Amino acid sequence: QYQLVESGGGSVQPGGSLRLSCSASGFNLDSWSIGWFRQAPGKEREGIACVNERGTSMNYADSVKGRFTVSRDNAKNMAYLQMANLKPEDTTTYYCAADYSITACPTYFDSPRTWANWGQGTQVAVSS
């Protein structure tokens, strides 16, 4: 059974940093691209970052480019989203996703339909 679990969410002041983790079980991540999404209540799920299976190609949404960094450690079966200079508008639930398709990242990363497997999400709150 494929399972993804996000962790690392929490509360932070504007300008602060958090690192989200995505842990995989039941499968080896080294053949899967990883995507990061976020979704606020009543809004569509937004694709914000991705990294391909080897960690050689990444892509970012304009809303997070220059502030967020995606990475992975295949030996640990983990992926990460380092978030810096956080803003109140970054407050929402964050999800990681995985897909076996070679076009998932970077080409179609921002479409939720691209991604086959999803975690349950972790909450991030940015406020003073």
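Strands β1 and β3 (residues 18–25) run antiparallel and are joined by five bridges. Strands here are DSSP runs of E with at least two residues, numbered from the N terminus, and two strands pair if DSSP finds at least two bridges between them. The model is predicted, with local features needing pLDDT of at least 70 and side-chain atom pairs counting only at pLDDT 80 or more, while totals for chains, interfaces and linings use all residues. Residues are numbered from 1 along each chain as its sequence is written, and side-chain values use heavy atoms, without hydrogens and water.

Strand β3 also runs antiparallel to β8 (residues 78–83), to which six bridges join it. Some residue pairs in these strands are listed here.

| Residue | Partner | Strand of partner |
|---|---|---|
| Glu-6 | Cys-22 | β3 |
| Ser-21 | Tyr-80 | β8 |

These strands belong to an open sheet of four strands in the order β1-β3-β8-β7, with antiparallel pairing. At its edges are β1 (3–7) and β7 (68–73), each of which pairs on one side only. In a regular strand, side chains alternate between the two faces of the sheet.

Arg-67 lies in the loop between β6 (58–60) and β7. Arg-67 counts as buried because its relative accessibility is 10%; buried means under 20% relative accessible area, exposed over 50%, and partly exposed in between, with a 1.4 Å probe and protein chains only. Beyond its neighbours within four places in sequence, Arg-67 is in contact (heavy atoms within 4.5 Å) with Gln-82, Met-83, Ala-84, Asn-85, Leu-86, Lys-87 and Asp-90. The C-alpha atoms of Arg-67 and Asn-85 are separated by 6.1 Å, and the two residues are 18 residues apart along the chain.
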